[in-house]
Amino acid sequence: MTTSEFLKSAAIIVAILVVFGLAAFGLNFYTQPLIEANSAGAANDRLNAVMPEGAKGYEDITSTLTLPEKIHPKADDPSSYAEVIAVHKETSGLGYVIECNWGTKFSKDVNTLLVGISAEGNIVNINSESYTDSINMFEKQSNYIDTYVGKDSALSDVSLVAGVTYSSTAFKAAVELAFTTLTSNNMITAGVKSDDQILAEFIPELHTGLGDNGVLKGDEISANGNIVKGWKSKNNTGAAYIMSKGEAMYLVLVNNSGVAAVYDTEKNVVTEEHNDLVTEALASFVAGTDYSSLLAEKLNSIIDNVAEGSIRMIELDTFNKVSAAAEFTTTDGNTLYIFYSQPLTYQNNVMEVYTVIDSNGAIVKNEIGTFLYGHGVDYLPIYNQGYGNLNSETFINYENKYVGVTEDTLNDDLLVTGATISSSAVKNATADAFATFNSIKGGEQ
Amino acid sequence: MSNKIYMLRKTPSPLLVLAAGFVMASSSDVRAALAMGIAVIVTLLLSSIVISALHNIIPTNARLPIYVLIITGFVTLIDMLMQAWCPVVVEMLGVHLACLSVSAVIFRDADEVAGCHGEFESIAVSLVTGGFLTAIMLVCALIREFFGNASIWGINVGFMSNYKISALAGAFGGYLVLALVLAGIRKLGAYINSRKENA
Amino acid sequence: MTLEIILGIILAGLLSNNYPLLHFLGTGAVLENERSNKRSLVLGLGTTLVMLIATLITWPINTYLLAKASYLQTLVFVCVVLVVVEVFHLIEHNVIEKFCKVDFTKFAINGAVLGLCIHNTHLGFVEALVTSIGVGFGFTVVLAVFSALEHRVDDDAVPYSFRGLPIHLLTAGMIVLALLCF
């Protein structure tokens with residue numbers, strides 16, 4: 001390369017660099033503001049999605065607040081949790097976006113929720129940023145998130161999704177925690193729970209036949225007359241009605257024997273004062289299922305010395321998973337009791353448990369009619385299946401573990417790892433059988 | 001010209017060997033493919049025009065740096081505009097947009113065509129080359145986005161979401177789909193050729 | 001920075017951070033056939049050296065000069081790469097050309113070098129230098145593997161439509177599948 005060629009090349013290169021450098025410099029005046037707006041917009045997009053139109057910008061105020069502690073909403077699942085991780089304030093005062101995480105043993109460990117709450121304290125929108133299990137949740141109940149939109153911290157009419165109870169419990173707990181964050185820091189006022197909401201929350205506790213680990217489970221009954229809302233149990237253990245009378249609301253529980261009880265919003269029993277409500281509820285309930293022949297047949301197959309003609313059905317006055325009870329005597333003169341209960345297990349499938357208790361309150365036999373275990377579509381009785389830790393041999397041992405158990409010795413040793421939900425359903429059913437037994441014995445004395 | 005059109009029949013041509021990198025990188029999403037295609041066409045077009053206009057005063061020995069700098073200059077400007085107008089796509093393309101400036105395809109086009117031919121031929125060739133690459137990218141992107149990501153143009157295709165093959169959206173999918181598309185094009189080319197001979 | 005981290009970065013450059021195969025940078029250079037093993041090695045190691053020197057220069061430029069004008073990044077980086085290649089050419093061409101002929105444009109026209117320089121701006125200085133060595137080694141290995149593989153693909157056994165580039169792409173795809181495990 002000659003010197004002149006070299007100089008020429010260098011001059012051209014310098015010229016090119018100068019031209020493009022200047023062009024880029026000039027163009028930068030146009031693009032720079034746009035690029036900055038884009039990057040700011042991208043960060044705010046996720047927050048804007050849960051705020052009303054016209055949100056200007058956000059300020060992270062997490063560090064200035066006292067956040068509520070992480071909670072574990074499902075008592076029987078220590079890995080379930082809900083926690084608040086960040087709070088963003090909309091700068092023009094439209095509201096707040098609270099970032100929460102939740103998880104359960106059935107879902108991903110970390111599911112992030114963005115809860116947008118307006119300055120008035122109502123949910124604007126919720127965005128589930130990462131969901132695997134919640135996809136299932138949304139499929140089971142379409143527009144699940146829509147049931148939250150517009151609600152205040154009382155979250156009235158927001159239910160859990162049957163079959164995805166763990167995830168929806170944690171989801172709801174996360175949303176409640178978002179509200180707690182704002183109310184405890186006095187940023188919004190708490191919503192007031194309506195009477196029917198308060199009463200509905202009593203049901204899982206007062207009528208365990210319609211409750212499962214504190215969650216209301218039942219088929220909804222449409223409103224009719226004084227009945228505002230109602231649920232019929234999925235396992236023939238009765239029904240629950242929320243009824244209005246004048247200004248007040250009452251909860252009416254009915255069991256399979258057609259016995260009813262009325263509660264007011266203070267959880268006081270007011271059956272005597274409101275017999276008209278009982279009549280109306282029983283009219284709606286029609287009649288319970290008659291299990292007398294089933295019990296007789298079962299008794300003869302599991303107890304070999306039942307005295308002929310001694311079986312006498314007992315009217316239930318408890319409200320729990322027990323849907324039938326009977327008293328009978330054996331040929332050697334002992335009086336025993338049998339309780340038939342139908343606890344719910346995986347995805348609301350019904351199991352059958354027959355508990356035979358002697359007059360001293362000890363279990364003679366705990367026969368499990370169908371023990372359902374497993375995920376997916378196959379809910380097989382596991383007599384001959386080797387599911388979990390329960391094959392047919394250990395299954396008999398499992399049943400035998402209940403023999404001699406009294407109410408005081410009913411404990412977590414009776415659970416089976418690998419079949420926790422099913423075995424805790426049996427345990428809960430047995431506890432209800434003891435409760436019913438105590439009520440019968442109490443009545444006799 | 002006829003050479004270039006002939007090239008389409010005989011693909012994979014040397015052109016695609018050199019372009020394989022950014023073709024595969026930008027073919028996981030239809031938006032990215034289209035944006036990359038436009039960037040390639042515009043860069044080819046502008047650099048061809050400038051280079052063919054200047055080719056008489058550019059010393060032969062200094063071709064490489066001068067051509068590359070001209071291309072880079074245009075890529076820089078296009079990059080800036082795309083960042084302003086379509087940041088989503090720029091994020092998807094990442095460093096590949098900048099790397100267009102040292103892409104062998106554009107350099108070869110500049111070197112072999114624009115450096116020794118007139119403007120009009122250069123423009124025609126860059127349009128054919130750019131259009132061809134864009135078409136390949138779009139076809140690959142349609143396949144990869146639909147089957148790999150269950151979406152088209154970033155919009156989810158509901159019924160596919162349970163059947164998507166995630167591997168197609170990744171690096172492996174890039175190789176597989178490009179290979180299949182090229183084989184398909186060659187089969188088609190052979191078919192057309194045989195039809196022509198028979199006719 | 002411990003030895004463990006350094007080895008980790010270099011290993012990543014060979015496997016999980018492999019530029020030509022997983023990031024599609026410099027793929028063109030790899031897929032170009034008709035190359036002897038010796039030339040692949042020279043091309044690969046030369047590129048590694050260019051990567052290292054270019055990173056050595058571009059990283060400080062980007063950190064201290066371009067902080068306010070990031071839009072000039074590509075232009076400046078390309079200039080640096082061109083200068084590095086040109087200087088490299090002037091100093092080394094006598095030595096290398098005795099060994100085998102190498103087209104020096106290949107060093108400059110390589111997306112991997114520019115891509116690496118841009119990626120490296122997000123890393124610390126020492127980390128960036130180690131990464132460029134790792135990525136360079138990865139590039140070299142892929143080049144060598146590919147030139148060896150190309151001789152072994154029996155074109156007659158491949159269906160007509162797949163001969164040439166498609167079968168090479170599929171081969172590369174299979175290597176990618178293996179690399180994806182890392």
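## Close-up views of a predicted three-chain model

By the rule used here, the count comes to seven salt bridges over all chains; a salt bridge is a side-chain nitrogen of Lys or Arg within 4 Å of a carboxyl oxygen of Asp or Glu. This is a predicted model, so local features need pLDDT of at least 70 and side-chain atom pairs count only at pLDDT 80 or more, while totals for chains, interfaces and linings use all residues. Residues are numbered from 1 along each chain as its sequence is written, chains are lettered from A and ligands numbered from 1 in the order in which they are written, and side-chain values use heavy atoms, with hydrogens and water left out.

**View 1. A:Arg46 meets A:Glu99 in a salt bridge.** The N to O distance here is 3.0 Å. The two partners come from distant parts of the chain: A:Arg46 sits in helix H1 (residues 3–48) of chain A and A:Glu99 in strand S3 (residues 95–103) of chain A, 53 residues apart. Helices (H or I, at least four residues) and strands (E, at least two) are DSSP runs, numbered from the N terminus. Which of the labels buried or partly exposed goes with A:Glu99? A:Glu99 counts as buried, at 12% relative accessibility, while A:Arg46 is partly exposed at 30%. For these labels, buried means under 20% relative accessible area, exposed over 50%, and partly exposed in between (1.4 Å probe, protein chains only).

**View 2. A:Lys321 and A:Asp432 form a salt bridge.** Their closest N and O atoms are 4.0 Å apart. A:Lys321 is in the loop between strand S13 (312–314) and strand S14 (322–329) of chain A, and A:Asp432 is in helix H8 (residues 420–444) of chain A, so the pair ties together parts that are 111 residues apart in sequence. Both A:Lys321 and A:Asp432 are buried.

**View 3. Over in chain B, B:Asp111 pairs up with B:Arg63.** This is a salt bridge too, with 2.9 Å between the closest N and O atoms. B:Asp111 belongs to helix H7 (residues 104–114) of chain B and B:Arg63 to helix H4 (residues 63–85) of chain B, so the pair ties together parts that are 48 residues apart in sequence. B:Arg63 is partly exposed, with a relative accessible area of 29%.

**View 4. Here are aromatic rings from chains B and C.** A search of the whole structure turns up 13 aromatic pairs over all chains. Rings of Phe, Tyr and Trp (its six-membered ring) pair if their centres lie within 6.5 Å; planes under 30 degrees apart count as stacked, over 60 as edge-to-face and the rest as tilted. B:Phe146 and B:Phe147 make an edge-to-face pair, 5.0 Å centre to centre with 80° between the planes. B:Phe146 is partly exposed at 21% relative accessible area, and B:Phe147 is partly exposed at 36%. C:Phe88 and C:Phe107 also pair edge-to-face, 5.7 Å centre to centre with 70° between the planes. C:Phe88 lies in helix H5 (residues 73–99) of chain C and C:Phe107 in helix H6 (residues 105–108) of chain C, so the pair ties together parts that are 19 residues apart in sequence. Both C:Phe88 and C:Phe107 are buried.

**View 5. Two residues other than glycine have a positive phi: B:Ala150 and C:Phe24.** For B:Ala150, phi is near 55°. B:Ala150 sits in the loop between helix H8 (119–149) and strand S1 (151–152) of chain B, and is buried at 3% relative accessible area. Phi of C:Phe24 is near 55°. Look for C:Phe24 in the loop between helix H2 (19–22) and helix H3 (27–31) of chain C; C:Phe24 is buried at 8%.

**View 6. This is where chain C touches chain A.** How many residues does each chain bring to the contact? Chain C brings four and chain A six, where contact means heavy atoms within 4.5 Å. Together they bury about 410 Å², 80% of it on carbon and sulfur atoms; buried area is the accessible area (1.4 Å probe) that two parts lose on being put together, summed over both. C:Tyr71, C:Leu75 and C:Cys79 supply 87% of the area that chain C buries against chain A, more than any other three residues.
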